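Work through the exercises below with the sequence and the model side by side. Try each task before reading its solution.

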Amino acid sequence: MAVIVTVEIPGGTQEMYERTNARVTAAPWFPPEGFIAHLAGPDGMGGWRVVDVWESEEAFGAFVERATPIFQETGMPPVIPKVDPLVNVIVK
């Protein structure tokens with residue numbers, strides 16, 4: 001089942017996000033198996049929000065295992081992702 005993964009990064013900045021995203025997308029394994037979509041932007045409260053769509057929670061978990069060293073090296077704070085079932089997507 002496809003899932004929506006939401007990550008809230010209190011105090012996260014665009015610079016921190018862009019540095020980390022550049023490293024992740026340059027990895028030889030990117031795009032990872034099961035990846036569908038990625039959105040990111042300020043959360044309106046001084047932090048950063050990332051919303052991903054994955055084919056399954058397991059696919060997201062496999063990505064996290066591979067990407068965690070990059071997150072640590074770029075100074076991303078530990079976060080707890082929220083995973084919810086995906087019911088529908090509408091794209092223009």
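**Exercise 1.** In this predicted model, find the residue of β4 that stands opposite Thr-6. Then describe how β1 pairs on each side.

*Solution.* 
- Step 1. Thr-6 faces Lys-82 in β4.
- Step 2. β1 and β4 run antiparallel and are joined by four bridges.
- Step 3. Turn to β3. Here β1 pairs over seven bridges, again in the antiparallel sense.
- Step 4. For a landmark on that side, take Glu-8, which stands opposite Arg-49 in β3.
- Step 5. Check the cover. Five of the seven residues of β1 are buried, so the strand is mostly covered.

**Exercise 2.** Work out the strand order of the sheet. Which strands stand at the edges, and why does one side of each lack a neighbour?

*Solution.* 
- Step 1. Begin with β2, which pairs with β3 (residues 48–54) over seven antiparallel bridges. Leu-39 stands opposite Val-51 in β3.
- Step 2. Read off the order: β2-β3-β1-β4, an open sheet of four strands with antiparallel pairing.
- Step 3. The edge strands are β2 (35–42) and β4 (82–85); each has a single partner strand, so one of its sides has no neighbour in the sheet.
- Step 4. Neighbouring strands are turned by 15° against each other on average, direction ignored.

**Exercise 3.** Phe-63 pairs with Phe-60 and with Phe-71. What is the geometry of each pair?

*Solution.* 
- Step 1. Phe-60 and Phe-63 are three residues apart in helix α2, about one turn.
- Step 2. Their rings are 6.4 Å apart, centre to centre, with 40° between the planes; the pair is tilted.
- Step 3. Phe-63 and Phe-71 are 6.2 Å apart, centre to centre, with 70° between the planes; this pair is edge-to-face.
- Step 4. Compare burial. Phe-63 has 9% relative accessibility, so it counts as buried. Phe-71 is at 25%, so it is partly exposed.
- Step 5. Widen the view. The structure holds eight aromatic pairs. One aromatic cluster is formed by Trp-29, Phe-30, Phe-35, Trp-54, Phe-60, Phe-63 and Phe-71.

**Exercise 4.** Is Ser-56 buried or exposed? Which backbone atom does its side chain reach?

*Solution.* 
- Step 1. Apply the cut-off. Buried means under 20% relative accessible area. Ser-56 is at 16%, so it counts as buried.
- Step 2. The Ser-56 side chain reaches the backbone nitrogen of Ala-59 at 3.0 Å.
- Step 3. Beyond its neighbours within four places in sequence, Ser-56 contacts Met-1, Ala-2 and Val-3.

Technical notes: Residues are numbered from 1 along each chain as its sequence is written. This is a predicted model: local features need pLDDT of at least 70, side-chain atom pairs count only at pLDDT 80 or more; totals for chains, interfaces and linings use all residues. Side-chain values use heavy atoms; hydrogens and water are left out. Two strands pair if DSSP finds at least two bridges between them. Helices (H or I, at least four residues) and strands (E, at least two) are DSSP runs, numbered from the N terminus. Axes are lines fitted to C-alpha atoms, for helices over the stretch in contact, and angles run from 0 to 180 degrees between N-to-C directions. Buried means under 20% relative accessible area, exposed over 50%, partly exposed in between (1.4 Å probe, protein chains only). A polar contact is a pair of N or O atoms within 3.5 Å; within protein, one must be able to donate a hydrogen and the other to accept it, and residues adjacent in sequence count only if both atoms are side-chain atoms. Contact means heavy atoms within 4.5 Å. Rings of Phe, Tyr and Trp (its six-membered ring) pair if their centres lie within 6.5 Å; planes under 30 degrees apart count as stacked, over 60 as edge-to-face and the rest as tilted.
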